[in-house]
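Trainee: I am new to this structure and would like a close look at one of its helices. Please also show me how the parts around it are arranged.

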Protein chains: 2
Amino acid sequence: MDFVILGMLLERPMSGYELKKTVDVTIGLFYKASYGSLYPALKRLENRGWIGVNESDNQKNKKTAYIQPEGKAAFLDWLQIPTQLSRKEQMLRFFFFDYLDQPTRQKRLTERADTLRKEIKQLERVEADLADKFHNREQATNHNYRIHVLHYGLQYLTVELNWIQQIREDEP
Amino acid sequence: MDFVILGMLLERPMSGYELKKTVDVTIGLFYKASYGSLYPALKRLENRGWIGVNESDNQKNKKTAYIQPEGKAAFLDWLQIPTQLSRKEQMLRFFFFDYLDQPTRQKRLTERADTLRKEIKQLERVEADLADKFHNREQATNHNYRIHVLHYGLQYLTVELNWIQQIREDEP
DNA sequence: TATGGCATGTAAGGTGTTACATGATTCC
DNA sequence: GGAATCATGTAACACCTTACATGCCATA
């Protein structure tokens, strides 16, 4: 959580509420931020001196968090360490799928395929949006890797979809 | 963790130690079980009545866990609910990769590619092993989905590898 | 008899989830 | 004025990680 927040704050200062929304629309497909983890994380980061927090003048009930140099340094450190495995719960479930009766299995596979198709469509919309913005020169900074991740996401979802299709064909 | 244990115990009764080894060699690529999570989980499952535990007669220091009908029922319930997203930490990192300086980035990408190649080789070995066992009719039960997951794993890793290769070519 | 693998477990610390509680602001 | 949305946060609970502690057993 901490590094997600730091990464988002590198772009611009934001409130906790804005952070959640931003996370949801940008990396929501593979990261979910709940307030119960977000606000404690903000406090943590502030105590560590990695971020600072400004109370807003006009809106009493609003605080804006901004990143500190120490926070940026910590973020860049994290960014460059190699990742170890992340849990792939979907794969875990499929691993045990032989234990499921065939009709339920079929049903779940179909549902999963539907979900994947929706997610693919969603990503394609995001991609189109991005291309639009690019043509209108609306973006100040270059974020090539966000586009790379988008492409990866599409390929990744497509592979899973094809994989399920294949299984469904072979199954009955 | 709980459902991993239950799934493994469906095959045969095992000790905690055996469970860890089995998890490592079967789903180790996407799931890591530490004793600190495994043993408490076993206790949890026993308290819930989902598994039973036998103290061994000959080896004092050994306990064997076996699955109970309630445990099997709970496992099958879990198996058929649709999964929500799992965190993809690697993707998270890549999402922010624009903030990394080019040389470090290049280095990390190369390292990741190497890791992927190793993982692919490892999976291919597992696949060959499985094919061997199949020909020698060593397997009692059919585990088609484990083979499916294996194939998926290979495709998945290959997609990421190609993706990185593409980026590395475009980058400098 | 000592090394390595078998075997079980706990404690501290951290972090996440869900549900709840509450108040401000905007717009119809 | 009321609904939606903006906005911040806490409490209980669950679970995981890492590090540590301990003992058995085979075999070289």
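Which residues are exposed on the other side of H3(B)?

Mentor: On that side, Gly36(B), Lys43(B) and Asn47(B) are exposed. A few conventions come before the rest. This is a predicted model, in which local features need pLDDT of at least 70 and side-chain atom pairs count only at pLDDT 80 or more, while totals for chains, interfaces and linings use all residues. Residues are numbered from 1 along each chain as its sequence is written, chains are lettered from A and ligands numbered from 1 in the order in which they are written, and side-chain values use heavy atoms, with hydrogens and water left out.

As for the terms, exposed means over 50% relative accessible area, buried means under 20%, and partly exposed is in between (1.4 Å probe, protein chains only). Helices (H or I, at least four residues) and strands (E, at least two) are DSSP runs numbered from the N terminus.

Helix H3 of chain B covers residues 35-47. Its 13 residues should span 18 Å at 1.5 Å a residue, and its end C-alpha atoms are 18 Å apart, which agrees. The expected span is 1.5 Å times one less than the number of residues. Buried in H3(B) are Leu38(B), Ala41(B), Leu42(B) and Leu45(B). Seen down the helix axis, these buried residues fall within an arc of 105°, so they line one face of H3(B). The arc is taken over the directions from the helix axis to the C-beta atoms.

That buried set packs against helix H1 (2-11), helix H2 (16-27), strand E1 (51-55) and strand E2 (63-67) of chain B. Contact here means heavy atoms within 4.5 Å. After H3(B) comes Gly49(B), whose phi is positive, near 80°.

Val23(B) lies in helix H2 of chain B and counts as buried at 2% relative accessibility. Not counting residues up to four places away in sequence, Val23(B) touches Val4(B), Met8(B), Gly28(B), Tyr31(B) and Ala33(B). Gln90(B) is 67 residues from Val23(B) in sequence and 22 Å away in space, C-alpha to C-alpha.

In helix H2 of chain A (residues 16-26), the buried residues are Gly16(A), Leu19(A), Lys20(A), Thr22(A) and Val23(A). Down the axis of H2(A) they fall within an arc of 165°, so they line one face of the helix. They pack against helix H1 (2-11) and helix H3 (35-47) of chain A.

H1(A) is mostly covered, with eight of its 10 residues buried. Among them are Val4(A), Ile5(A), Leu6(A) and Met8(A). The cover includes H2, H3, strand E1 (51-55), strand E2 (63-67) and H4 of chain A, together with helix H5 (89-95) of chain B. In that H4 (residues 69-80) lies Glu70(A), which counts as partly exposed at 45% relative accessibility. Leaving out residues up to four places away in sequence, Glu70(A) touches Gly49(A) and Trp50(A).

Now the wider setting. Chain A is divided into domain 1 (2-80) and domain 2 (89-170), with bounds that come from an automatic or database domain assignment. The C-alpha centres of these two domains lie 27 Å apart.

Chain B is superposed on chain A by a rotation of 180° with 0.0 Å of shift along its axis (RMSD 0.1 Å). The two copies are thus related as by a two-fold rotation axis.

Between the chains, 58 residues of chain B are in contact with 58 residues of chain A. Together the chains bury about 6300 Å², 66% of it on carbon and sulfur atoms. This buried area is the accessible area (1.4 Å probe) that two parts lose on being put together, summed over both. Phe95(B), Tyr145(B) and Tyr152(B) supply 14% of the area that chain B buries against chain A, more than any other three residues.

A last residue links the two chains. Glu160(B), in helix H7 (residues 144-170) of chain B, is buried, with a relative accessible area of 1%. Apart from neighbours within four places in sequence, Glu160(B) is in contact with Tyr152(A), Gln90(B), Phe94(B), Arg112(B) and Leu116(B).

Note on methods. Copies are superposed by least squares on the C-alpha atoms of residues with pLDDT of at least 70 in both.
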